[in-house]
Every structure is written in structure tokens, then in C-alpha cells.
Amino acid sequence: MENSLIYMDHSATTPMREEVLEVMLPFFRERYGNPSSLHAPGRAVRAAVEEAREKTALALGADPGEIFFTSGGTESNNIALRGVAKRRGTKGHIITSSIEHHAILDVCRDMEKQGYSVTFLPVDNQGRVNPADVEKAITADTFIISIMFANNEIGTIQPIAEIGAIAKSRGVLFHCDAVQAIGQLPVDVRELNLDLLSLSAHKFNGPKGVGALYKKKKTPLSPLYNGGGQEGKLRPGTENVPAIVGLGRAIELAASELPSKADRLTKLRERLIEGLLVIDDVLINGHRELRLPNNVNASFKYIEGESILLGLDLQGVAVSSGSACSSGSLDPSHVLSAIGLDHATSHGSIRFSLGLGNSESEVDQVIEIIKPVVERLRKMSPTYHS
Ligand SMILES: *Cc1c(COP(=O)(O)O)cnc(C)c1O
């Protein structure tokens with residue numbers, strides 16, 4: 001990476017840590033055995049996979065037997081929702097929110113086409129789901145509730161413990177897409193009454209293409225694939241051993257550094273918000289306190305987020321407009337629409353997501369760099385009158 005790059009797009013992906021790469025390398029070289037093989041090189045690799053499973057379980061307050069490695073957050077979400085539905089057999093009702101990641105929303109929409117019914121709960125103007133709405137939405141047919149831990153665009157944290165308690169008392173399974181929370185917020189699957197949880201290594205300085213599904217013991221779920229029976233038959237296929245080992249190290253580091261990292265990022269976040277609010281006609285989206293330590297989502301009135309992004313990119317600052325997955329489309333972000341932003345304001349939004357490498361000085365530089373970018377764009381904006 002260039003020295004001058006200021007990377008503030010950690011919700012899209014994070015750089016992998018050197019300590020993580022280091023533990024992965026032997027598994028690309030001499031430790032190439034198949035963990036299912038019974039010979040010594042196979043057994044040694046099996047031990048490394050199981051060690052990663054233990055580290056993952058420890059970070060979540062789960063048992064190792066409840067952790068299943070997958071290819072990432074998207075696959076974990078698909079296995080959770082579709083796997084539970086498959087096992088159930090009969091069609092039924094799903095409750096989710098209107099601001100989930102596409103890896104939940106589009107699964108639910110696809111399942112609707114197959115005959116399932118889905119309630120997409122609204123959120124308030126700060127992006128919070130009301131637990132009372134969850135309770136009211138439960139019917140005799142409801143078999144799963146899926147609510148994300150924290151939103152990837154606006155950072156808002158959901159009342160997961162409250163929803164978990166409701167799900168438990170009503171006998172409905174509860175899945176949580178915790179991809180953005182791991183490494184930023186404490187997550188304990190028992191305290192939260194979670195039956196299923198998805199995580200992804202590349203969002204906490206681990207490798208891409210690997211994640212995990214936590215499945216509480218005895219949670220009824222049928223695998224989507226058939227094959228060699230790996231990962232307790234839940235996700236067969238020869239394990240991506242280097243990536244799994246990397247995930248284990250990354251989540252171990254993330255868990256041990258969590259309080260100090262969250263504290264540091266929160267301070268940077270507040271500094272960035274303060275600096276941005278000096279500019280006229282800027283709104284901060286999402287909840288003011290109940291938000292990811294690393295997230296700042298801001299709307300710059302009268303101009304396009306995409307133009308700001310490109311202006312910043314020219315100066316070596318990497319941010320995101322809308323969500324990375326939906327950029328390229330002209331539709332406003334479904335999350336910003338759900339919190340009540342009009343199209344114009346939504347299109348003027350930028351997400352800054354902070355991470356390990358960011359410093360106070362970078363935050364200050366970004367504030368200084370963005371001011372003239374916004375000013376120049378507003379001068380050209382037909383809707384802006386200073
Ligand atoms: C990134 C992300 C995903 C997708 O994870 P992948 O590992 O990239 O498939 C799912 N949900 C949320 C909230 C995310 O931020």
C-alpha cells in the first residue's frame with residue numbers, strides 16, 4: 001500500500017494483520033496435509049483447525065462443537081436461514097429488519113418467492129429496531145428471527161439481548177448477523193440467547209473468504225450441500241486450512257484487544273464527527289451513542305456522495321458511499337431510506353469506517369481534505385445557494 005493512503009473503509013474490508021499472515025504461511029507450504037487424513041501430517045493439520053475452533057468459541061462464549069467454518073458472512077447467513085427452513089420442511093414465517101445486509105435481505109426475498117412469508121420490520125430514524133415490534137410480529141408460523149448486531153452502513157447497534165429474550169420466551173429461533181460487531185463489541189452468545197450467529201474474518205483483520213457459523217447445540221438445521229462430511233456435515237468440502245487458522249488468530253487478537261481498540265476508535269470517531277460538523281449542512285446518520293466505535297456516516301447536503309468519494313480518492317483517502325455492494329446502482333441505500341432520509345440527502349452520504357491503522361493525525365487530515373472538496377462540489381451544485 002502507498003504510504004500516503006488513508007484507508008477509512010474498514011466496514012468493507014480490513015487489511016490483514018502481519019501476526020495473522022505469519023500463522024497462515026506454514027499451511028500454504030509444508031503443512032499441506034488434509035485434516036481428514038489419518039496419517040501424521042493430516043493429524044497435525046486437524047489439530048490446527050481444532051485450535052482455531054476453540055479460539056473462535058472462546059471469543060463468543062460458545063463451545064467448540066458449536067462452531068462451523070464457512071466461506072464467510074454471506075455463506076453463514078445462507079446456511080442459517082435456509083438450513084433451518086430446510087430442516088423444518090413446511091413453509092413458515094421469518095422476521096427480520098428492513099436494514100439488514102443484502103446477505104440476509106436477498107435470502108429472505110428469495111425465500112418469499114419460494115412461499116415463505118417475511119416481515120421486514122421498520123426501524124426508527126436512528127436505525128433501531130423496537131423489540132416490541134418483534135414481539136408483535138411473531139405468529140404461530142414464525143420459526144426464525146434474524147436481526148443484525150450492528151449495521152454496516154450507519155453503525156447502529158440493535159437491542160440484541162432484548163430480542164434474544166423475546167425469541168427464547170416465545171420458542172422462536174434467533175439468528176444474528178454479527179459480522180460488523182466482532183472485534184468492536186463484546187458478543188456472548190449465551191448472554192444474548194442466540195441460536196445462530198454469523199461472522200466473517202476479513203472484517204476483523206483476518207483473511208477474506210472465511211467465516212464461521214455458531215449454531216447452538218441441538219438447533220435443528222439441515223445442511224445445504226452434501227459431500228465429504230466435513231464441519232459436522234454442516235458445511236462439507238475440504239477445509240480452507242490456512243484461512244481457518246488465520247481466522248482463529250485474528251479473532252483471538254480481536255478479543256484480547258477489544259476494550260482498548262473500541263475505546264481508541266470511539267475517540268477517533270468522535271473527533272471525526274466533530275470535525276465534519278464544522279462544515280455547513282452536514283448530518284450524522286445513525287444513533288449518536290449506540291453505534292459501532294468505528295462508524296461515521298454523514299450526509300452532505302446539495303451534493304453527491306459519489307463525487308465526494310472520488311474527490312477524496314484523488315487525494316488518497318478511501319471511503320465508501322452507500323454500501324460497497326450497492327454502489328454502482330442508482331437506487332438510494334435501503335438503510336438510509338429506512339431511517340427516513342429523502343433521496344437527495346441519501347445520495348449525499350459517505351461512510352467513513354475506521355480501523356486499527358488509523359490515527360488522530362489521519363482523522364485531522366481527512367477533515368482538512370474534505371472541506372475544499374465539499375466546497376468545490378457545492379459551487380457546482382444547482383441546488384446549493386450559499
Ligand atoms: C461484510 C458483511 C457481510 C458479508 O460477509 P462476507 O464475508 O463478505 O460474505 C454480511 N453481513 C454484514 C453485516 C457485513 O458487513
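Start with Asp9. In this predicted model, Asp9 has a relative accessibility of 12%. The cut-off for buried is under 20%, so Asp9 counts as buried.

Who is its partner? Asp9 forms a salt bridge with Arg351. The closest N and O atoms are 3.0 Å apart. Arg351 sits in strand 12, residues 349-353. Asp9 sits in the loop between strand 1 and helix 1. So this pair ties together parts that are 342 residues apart in sequence. Arg351 is buried too, at 2% relative accessible area.

Why pair at all? Side chains of opposite charge can do so when their charged atoms come close.

Next pair. Glu231 forms a salt bridge with Arg53. Here the closest N and O atoms are 2.8 Å apart. Glu231 is in the loop between strand 8 and helix 7, and Arg53 is in helix 2, residues 40-60. So this bridge ties together parts that are 178 residues apart in sequence. Buried or exposed? Both Glu231 and Arg53 are buried.

Now one inside a helix. Asp133 forms a salt bridge with Lys136, with the closest N and O atoms 3.7 Å apart. Both residues belong to helix 5, residues 131-137. They are 3 residues apart, so about one helical turn separates them. Asp133 is partly exposed, at 22%. Lys136 is exposed, at 67%.

Some bridges share partners. Which residues join up that way? Arg46, Glu50, Arg53, Glu231 and Glu239 form one network.

Last, the total. How many salt bridges does the structure hold? The count is 25.

Definitions and conventions
Residues are numbered from 1 along each chain as its sequence is written. This is a predicted model: local features need pLDDT of at least 70, side-chain atom pairs count only at pLDDT 80 or more; totals for chains, interfaces and linings use all residues. Side-chain values use heavy atoms; hydrogens and water are left out. A salt bridge is a side-chain nitrogen of Lys or Arg within 4 Å of a carboxyl oxygen of Asp or Glu. Helices (H or I, at least four residues) and strands (E, at least two) are DSSP runs, numbered from the N terminus. Buried means under 20% relative accessible area, exposed over 50%, partly exposed in between (1.4 Å probe, protein chains only).
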